[in-house]
Amino acid sequence: MIEKASRVKCPDMKTSTSDDERYMAAALELARTAAAAGEVPVGAVIVSGGSIVATGANAPIATHDPTAHAEILALRQAGQALGTYRLADATLYVTLEPCAMCAAAIVHARLKRVVFGAWDPRQGAVDSVFQLLYSADLNHRVDAFGGVLHDQCSAQLKTFFKQRRGLDSLSGV
């Protein structure tokens with residue numbers, strides 16, 4: 001298995017930049033907010049024109065909405081902020097590889113680029129399980145880059161689930 005950033009097989013993949021790390025750090029802060037609320041710690045920011053135009057933190061539990069993933073919330077906010085659902089010049093930074101639902105929304109929004117931190121070997125739809133963002137069968141392809149601040153993103157998720165399992169075992173769940 002190929003490791004870290006070299007794993008994403010998108011033909012148009014670019015290399016990581018210091019801006020990628022800066023924006024991923026902002027997404028990590030949002031993931032911390034989600035974790036503090038008892039949500040899976042995933043955070044997302046959307047950047048357009050060199051500025052963060054939208055943010056999202058996982059909230060399906062609090063909102064009773066299975067679609068309230070960080071990516072979806074950020075896409076909705078970006079559409080409102082920019083006055084269009086087509087985000088062709090925008091980049092999404094997210095701490096976990098998007099799932100199929102989020103990847104499909106990303107394609108529909110026509111994002112230019114997605115940068116993610118940790119791979120999701122069970123549900124990842126950029127590289128791990130599916131490769132939706134650059135499928136030749138779809139009408140739009142998205143440049144993707146994985147592994148930015150991978151260690152921090154992965155550690156945050158592992159810590160969250162380790163703590164959750166510990167709490168579950170104490171409560172008999």
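How many aromatic pairs does the count come to by the ring-centre rule? Before I answer, two remarks on the basis of this talk. This is a predicted model, in which local features need pLDDT of at least 70, side-chain atom pairs count only at pLDDT 80 or more, and totals for chains, interfaces and linings use all residues. Residues are numbered from 1 along each chain as its sequence is written, and side-chain values use heavy atoms, with hydrogens and water left out.

The count comes to 3 aromatic pairs. Under the rule, rings of Phe, Tyr and Trp (its six-membered ring) pair if their centres lie within 6.5 Å; planes under 30 degrees apart are stacked, those over 60 are edge-to-face, and the rest are tilted. Phe116 and Trp119 make an edge-to-face pair, 5.3 Å from centre to centre with 85° between the planes. Phe116 is buried at 0% relative accessible area, and Trp119 also counts as buried, at 10%. Here buried means under 20% relative accessible area, exposed over 50%, and partly exposed in between, with a 1.4 Å probe and protein chains only. Phe160 and Phe161 are likewise edge-to-face, with centres 5.1 Å apart and planes at 80°. Of these, Phe160 is buried at 10%, whereas Phe161 is partly exposed at 29%.

I turn to the nonpolar core, defined as buried Ala, Val, Leu, Ile, Met, Phe, Trp, Tyr and Cys residues joined through side-chain atoms within 4.5 Å. The largest has 44 residues, and the members touching the most others are Ile46, Leu87, Leu92, Ile106, Leu111 and Leu133. Helix H1, residues 18-36, gives the most to this core, with 6 residues. Helices (H or I, at least four residues) are DSSP runs numbered from the N terminus. Leu87 has contacts, meaning heavy atoms within 4.5 Å, with residues including Ile46, Leu75, Leu82 and Leu111, where residues up to four places away in sequence are not counted.

Next, H1 itself. Its buried residues include Asp20, Tyr23, Met24 and Leu28. Arg22 lies over the face of Tyr23, 4.4 Å from the ring centre; the criterion is NZ of Lys or CZ of Arg within 6 Å of the centre and within 35 degrees of the ring normal. After H1 comes Gly38, with a positive phi near 85°.

Finally, the cysteines. The structure holds 0 disulfides, a disulfide being a pair of cysteine sulfur atoms within 2.5 Å. For Cys102, the nearest cysteine sulfur is that of Cys99, 3.7 Å away. Cys102 is buried at 0%, and Cys153 is buried at 1%.

Methods
Helices (H or I, at least four residues) and strands (E, at least two) are DSSP runs, numbered from the N terminus.
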